[in-house]
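Colleague: I am new to this structure and would like to learn how to read it. Could you walk me through it, one feature at a time?

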Amino acid sequence: MDANLIAILNTYGNTTVEAIRRNLASTGTNATGKTSRSLRYEVTQKGETISLRILGKPYLAVVETGRKATPQYTKPSQDFVKSIREWIQAKGGDTSTAYAIAKTIHQKGTKLHQAGGRKDIISNVINKDLTTRIAQDVL
């Protein structure tokens, strides 16, 4: 049973990662491709427990939720400004605006966050329907 379960979870892991990658591309949220390339899955077994985890960059969920404002506003970090500059460059924009954009996001959050987020990148792939399908295939 373990080998069969691992094979099932590997299949779901692969198809889940590919579906999220397709969603990133089709929704225009894949400017630099770094988030998409960071996606992977992992099937692990510890004793009797076999798990499937979908992994990616730490801010992966932000593509759906947007980034909230920084509670104790300070100036944006150099890493954040660099990320914004890379994003602007990938979009073909004026990279000299990177600091101003980072500062505004830091103070107010992203427009996506202000609008309440979206549900068409991860949530429409990793959801109760997925767990139901996995359970049906396992049982």
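Colleague: Let me start with the helix H1: which residues of H1 are buried?

Modeller: A word on the source comes before that: this is a predicted model, in which local features need pLDDT of at least 70 and side-chain atom pairs count only at pLDDT 80 or more, while totals for chains, interfaces and linings use all residues. Residues are numbered from 1 along each chain as its sequence is written, and side-chain values use heavy atoms, with hydrogens and water left out. Helices (H or I, at least four residues) and strands (E, at least two) are DSSP runs, numbered from the N terminus. Buried means under 20% relative accessible area, exposed over 50%, and partly exposed in between, with a 1.4 Å probe and protein chains only. In H1, the buried residues are Leu5, Ile8, Leu9, Tyr12, Gly13, Thr16, Val17, Ala19, Ile20, Asn23 and Leu24.

Colleague: What covers the buried residues of H1?

Modeller: The cover includes H2, strand S1 (40–46), strand S2 (49–55), H3 and H7. For one case, take asparagine 23, which counts as buried because its relative accessible area is 14%. Contact means heavy atoms within 4.5 Å. Not counting residues up to four places away in sequence, asparagine 23 touches Thr29, Asp120, Ile121, Asn124 and Val125.

Colleague: Which residues does isoleucine 134 contact, leaving aside its neighbours within four places in sequence?

Modeller: Those are Leu9, Tyr12 and Leu52. Isoleucine 134 sits in helix H7 and is buried, with a relative accessible area of 14%.

Colleague: How does the span of H1 compare with what its 25 residues should give?

Modeller: The expected span of a helix is 1.5 Å times one less than its number of residues. For H1 that should come to 36 Å, and the end C-alpha atoms are 36 Å apart, so the two agree. After H1 comes glycine 28, whose phi is positive, near 75°.

Colleague: Now to charges. How many salt bridges does the structure hold?

Modeller: The general idea is that side chains of opposite charge can pair when their charged atoms come close. A salt bridge is a side-chain nitrogen of Lys or Arg within 4 Å of a carboxyl oxygen of Asp or Glu. There are five salt bridges in this structure. One of them joins the side chains of glutamate 18 and arginine 21, at 2.9 Å from N to O.

Colleague: Where do glutamate 18 and arginine 21 lie?

Modeller: Both are in helix H1 (residues 2–26), three residues apart, which is about one turn of the helix. Glutamate 18 counts as partly exposed because its relative accessibility is 30%, and arginine 21 is partly exposed too, with a relative accessible area of 24%.

Colleague: Which residue forms a salt bridge with lysine 34?

Modeller: Lysine 34 pairs with glutamate 86, and the closest N and O atoms are 2.5 Å apart. This pair links distant parts of the chain, with lysine 34 in helix H2 (residues 34–38) and glutamate 86 in helix H4 (residues 78–91), 52 residues apart. Lysine 34 is partly exposed at 33% relative accessibility, and glutamate 86 is partly exposed at 25%.

Colleague: What about arginine 133: which residue is its salt-bridge partner?

Modeller: The partner is aspartate 129, the closest N and O atoms being 3.5 Å apart.

Colleague: How much space lies in the largest pocket?

Modeller: Rolling a probe the size of a water molecule over the atoms shows where empty space is left. On a 1 Å grid over the protein atoms alone, a pocket is an open set of points where a 1.4 Å probe fits, with protein on both sides within 12 Å along at least five of seven lines; lining residues have an atom within 4 Å of a point. Grid points are joined across faces, edges and corners, and a volume is the space filled by probe spheres set on the points. Here the largest pocket holds about 1,100 Å³ of space. It is lined by 32 residues, and the closest to its centre are Val62, Val63, Ile84, Trp87 and Thr110.

Colleague: Which element gives the largest share of that lining?

Modeller: That is H4, with eight residues.
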